[in-house]
Amino acid sequence: MKKRGFTLVELLVVIAIIGVLVALLLPAVQAAREAARRMQCGNNVKQIALGLHNYHDTFLALPYGARARYVNNVPTNNSGQFGPSFFVGVLPFCEQKNLYDKIAQLEQTGQTFSTVSADDTTIGGVVGNAQINWMLCPSSPLPKMETPTGGRPLVVPSYVGIQGATNGGTRGTEVDFTEDRTSPGPCSGTLSQGGLLTINIAVKLSEATDGTSNCLIVGEESDFFYDSTGARLRIDGSTASTATTNAGGWWFRGCNPQQPMFPASLGNPNIYNIRTVGFANTAANNNNGWPGVGFNGRNMNVTVPGNGIGAFGPNNPLNAAHPAGVMTGFADGHVQLLTTQTHFVIVKRLSTRDDGAVVSLD
């Protein structure tokens, strides 16, 4: 009996069925991959939060969110040199003690965190080429590393410390929020000292009178921002660079002003790796309907200041490439995904250590 093979029609039908099955399975595979990436991101945030806890157990206070180096105790912005960010403080508690020892050795010789180089003569050179995976969200579309002019490749961190929240700044029907510990910041923004990782001040966990489970300590900022022209801008831990030149990678830098709170006479300080939850103080940025987290400006016709990286300098929104929201770490060490539906004032209260309001996200 002669064996019969597949006809062309049958073969095409089989190929079409396989194509349909692949099309049905592909979204599920992509969703599973994103779930795995989000879990890894949560593990990174958890490690940073626990590193901050271990630092507090050792030194009885949290690290400075961003610190300046004094120069002959002269309180002028011109003489201020950059000190370290909180990332430097947690290095020994996050399996990076060797790198921390190299930084500390150079700092003892008078080196600051102001410069980079292509050798080991500066702190910026020593930290170059270092692969620090817990600083990176696997879902982030931003470059993992960038090479500043005259330096080595540097990790671009996906996470920022929470400095506090702005007062007022009404957004549509936003309820009142008051914060008196504020000062001017770069990009027409506002700085706050009401959080746990602040400028030139080491805060104790005992100062989180709202309860450590109600206080944010670290958040995610790992996606692009879109201005009114549709251009993609960087918003990460760097706020002193432009969006096209040395846009990231300064994870080790803190700030360069001389005082905890900065009078107008010192000018706008340069701040890295911490964020004040709120809006920049310009009318164009006080738009109605913006969410507290996950806002990336797409299709919103957002006017962006011409100076500083990204959108609003120290008040850049917490943002991520995760479809549901951003990963955040709390002062008690637990990690939670803040969704895009979270009210802005709730995020502000969670960012403040002692506002007196106990906020539940359950």
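Two strands are taken as paired if DSSP finds at least two bridges between them, and the strands themselves, like the helices, are DSSP runs numbered from the N terminus (E, at least two residues, for strands; H or I, at least four, for helices). The model is a predicted one, in which local features need pLDDT of at least 70 and side-chain atom pairs count only at pLDDT 80 or more, while totals for chains, interfaces and linings use all residues. Residues are numbered from 1 along each chain as its sequence is written, and side-chain values use heavy atoms, with hydrogens and water left out.

**View 1. The open five-stranded sheet with mixed pairing.** The strands follow the order β11-β5-β8-β12-β13. Because β11 (274-277) and β13 each have a single partner strand, they stand at the edges, and one side of each is left without a neighbour in the sheet. Neighbouring strands are turned by 40 degrees against each other on average, direction ignored, where the axes are lines fitted to C-alpha atoms (for helices over the stretch in contact) and angles run from 0 to 180 degrees between N-to-C directions. Within the sheet, β8 (residues 216-220) and β12 (residues 325-330) run antiparallel and are joined by three bridges; Val218 stands opposite Gly329 in β12.

**View 2. His343 in the loop between β13 and α5.** This loop connects β13 (335-339) with α5 (344-350). His343 counts as partly exposed because its relative accessibility is 34%, given that buried means under 20% relative accessible area, exposed over 50% and partly exposed in between (1.4 Å probe, protein chains only). The C-alpha atom of His343 lies 8.4 Å from that of Val293, although the two residues are 50 apart along the chain.

**View 3. The surroundings of Cys137.** A search of the whole structure finds zero disulfides, a disulfide being a pair of cysteine sulfur atoms within 2.5 Å. The cysteine sulfur closest to that of Cys137 belongs to Cys41 and is 3.7 Å away, too far for a bond. Cys137 counts as buried, with 0% relative accessibility.

**View 4. The largest pocket, with a volume of about 220 Å³.** A pocket is an open set of points on a 1 Å grid over the protein atoms alone, where a 1.4 Å probe fits, with protein on both sides within 12 Å along at least five of seven lines; lining residues have an atom within 4 Å of a point. The volume is the space filled by probe spheres set on the points, which are joined across faces, edges and corners. Of the 14 lining residues, Tyr55, Arg67, Pro84, Gly89 and Tyr100 lie nearest the centre of the pocket. At least two lining residues come from each of α1 (8-59), β2 (81-85), α2 (86-90) and α3 (97-108), and α3 supplies the largest share, four residues.
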